[in-house]
Amino acid sequence: MKTLTRQDLKALATNQAADPEEWIRVQLDTGGIAAGAETVLTSLEHARVEQRRSFALLCAGSVGYSFADPVIEVKSAKLPKILYGQMAPELVPELLAEQFDGGRILEDHAMATRARSLTIDTPVTHILVRDTSADIGNKTEFFQFSFQEELKRRGLDERVQVVRALDMGIYDEGAVVQLLPSAVTYTNVLAPDVARIVAESVEADRVVDDLLWKAPDKQARIVLRHSGQVDPESVDDYLQRADGYQAFAKTLFELTPEQVLEEMKTSSLRGRGGAGFPTWMKWQLTREQPAEQRYVICNADEGDPGAFMDRSVLESDPHAVLEGMMIAAYTMGASKGYFYIRAEYPRAIERVQRAIDQTREMGLLGKNILGSGFDFDAKIRLGAGAFVCGEETALIASIEGKRGTPNPRPPYPSVRGLWGLPTAINNVETLAIVPAILLKGGKWYASHGTATSKGTKVFAVTGKVRNAQLVEVPMGTTLREIVYEICGGVLDGKAVKAVQTGGPSGGVIPENLLNTPISYESLQELGSIMGSGGMLVMDQGDSMLDVARFYLRFCVDESCGKCAPCRIGGYQLMQILDRISRGRGNADDLPLVKRICQAMQKASLCGLGQTAPNPVLSTIRYFGEEYQAYIEGGPSYARKAKRAAANPEPATATATVSS
């Protein structure tokens, strides 16, 4: 592999590599592979050889659409780029024949683009249709047939294909239609509108304004800007197609550390690991400490149940995280860095290690990088699955080979961290953002979000949601917008009961507060936290007492046991909640629970013990009547509630028990 120079990087910035004319890109993250993406890739490889086709076969991480795994993206000479979801090996022959030979889109698997247009500047060749109303009485096939008949009547059926789509990215807006290749999108289409759309938009290239979907995409992808687009195992792909290491080169040759700090300060980026500490301030504090050696650590010890933000970023865009770490190291004067990754993430570990090896071979890591005089190298340390090692002092102890338990602060790691030396710890998402800020400017980044919480946030939305996925939204987006407008609402058309944010350290937010704009401050006011980005959606069949018990049990199991408030308080809370869930609680239990929670919050050594009471306190705050029902109803009520939870139909009966 060639050792790069500054001139080589400049040339790559001005001479971006062109994509092949025809290609298929398979998304190979852990979720996609678990759903069968590797078998789809193998089938494509065999078909390409057997049918003597010349399309390029590419690999990428995940674009985030977990609900549609395995996902592939296809570009042929006759069609625009198309995302296909829920692919299977047996569909490969039909896909190749339709896409490459016939210029046709595969039915029931195509996903509409979110980059929607407001004008038709190219003749319509394909129409995606889907009824986004409740599944009962779905009219997708009716609208497909209606469009086909109208096109046939006008002699346009050979020119335009009508395709049933898997997903439109728009929900509960009736029949939705997207015209390709322009991506003009219509909503709430009725039967009489079909002829109008064909006459105006297909024949005359005019937009039907009263049907036009004008709302921009709710997502703003900064952290996920390369996800699903760049091969995570290829440094060449990152260099040639993603402005790879241009921000690092700019930092080395055009900016002083003080100027980088000023740009980061302008951006108002706060740590995305949960605490929300200003990134520039952490770097500055580390830089100010007198020391011959400083360290930078990427905290990838993602342990929240249901969370997969960091894993997905590391698997999809490891070079962006590494580049962010290199910029941080230059800014604070660090020459060594560590990725602390939980061992349960083998593919993330493999891809980060490959990124380190590739950049080292190219001269982007090591001594005198690009002739600048700056030295920096990075390595990986594996976590053994202890949730408490996500706390920075426990993480440092683990890297040092000690038992992963927290230590009192101050001194903070920025003053006295790894091996007693100044250390800055940033999480995966924070570091992935840094190169974009240095390329586009702090003001650009600060233009997203709210007055106090700038930029975007990545959430892993799971639970009772129709389309579980990874989303990235500007701060200030409401919880309701995420659940309903991005993820399609609740499974089976049920009503949402609550949304839990922040994992075991967070709290539940009831349905009537879902219009709250997301920010560090607003979530804290509601009794929850931003956390690293887990978001669990619950419907009316979920017991809030059981939710609190689940998260509390997790924290009790994961407690290091070093301090009494967490070790004893968590266990005592668990005993009380278990007793209440069996219908054996009494009137004194809830006041006692609150006192124990307050003691844990005030006296626990680290964030695990301090925030472990959050799910308990928030469920009591918003759903105290459920606790009261268990206490007043006794064992008979508890048995009835358990039966209802096990068999939640009909919905009205479940709602009665839950309340």
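This is a predicted model: local features need pLDDT of at least 70, side-chain atom pairs count only at pLDDT 80 or more; totals for chains, interfaces and linings use all residues.
Residues are numbered from 1 along each chain as its sequence is written, and side-chain values use heavy atoms, with hydrogens and water left out.

**Ser-581**
- Ser-581 lies in helix 20 (residues 564-581). Helices (H or I, at least four residues) and strands (E, at least two) are DSSP runs, numbered from the N terminus.
- Ser-581 has 5% relative accessibility, so it counts as buried. Buried means under 20% relative accessible area, exposed over 50%, partly exposed in between (1.4 Å probe, protein chains only).
- Not counting residues up to four places away in sequence, Ser-581 touches Leu-545, Arg-549, Tyr-630, Ala-638 and Lys-642. Contact means heavy atoms within 4.5 Å.

- Four strands form an open sheet with mixed pairing, in the order 7-6-8-9. Strands pair if DSSP finds at least two bridges between them.
- Strand 7 (161-164) and strand 9 (184-189) are at the edges, each with a single partner strand, so one side of each has no neighbour in the sheet.
- From one strand to the next, the twist averages 20°. Axes are lines fitted to C-alpha atoms, for helices over the stretch in contact, and angles run from 0 to 180 degrees between N-to-C directions.
- Strand 6 (residues 126-131) and strand 8 (residues 175-180) run antiparallel, joined by six bridges. Asp-131 has Ala-175 as its bridge partner in strand 8.
- Helix 6 (residues 193-203) packs on the sheet and touches strand 6, strand 8 and strand 9. Its direction makes about 165° with that of strand 9.

- Strand 3 (residues 72-76) and strand 4 (residues 79-84) run antiparallel, with four bridges. A hairpin of two residues joins them.
- Val-74 stands opposite Ile-82 in strand 4.
- Two bridges join strand 4 to strand 5 (residues 110-111), also antiparallel. Tyr-84 stands opposite Ala-110 in strand 5.

**Helix 9**
- In helix 9 (residues 257-267), the buried residues are Pro-257, Val-260, Leu-261, Met-264 and Ser-267.
- What covers these buried residues includes helix 8 (246-254) and helix 12 (318-332).
- Ser-268 follows helix 9, with a positive phi near 60°.
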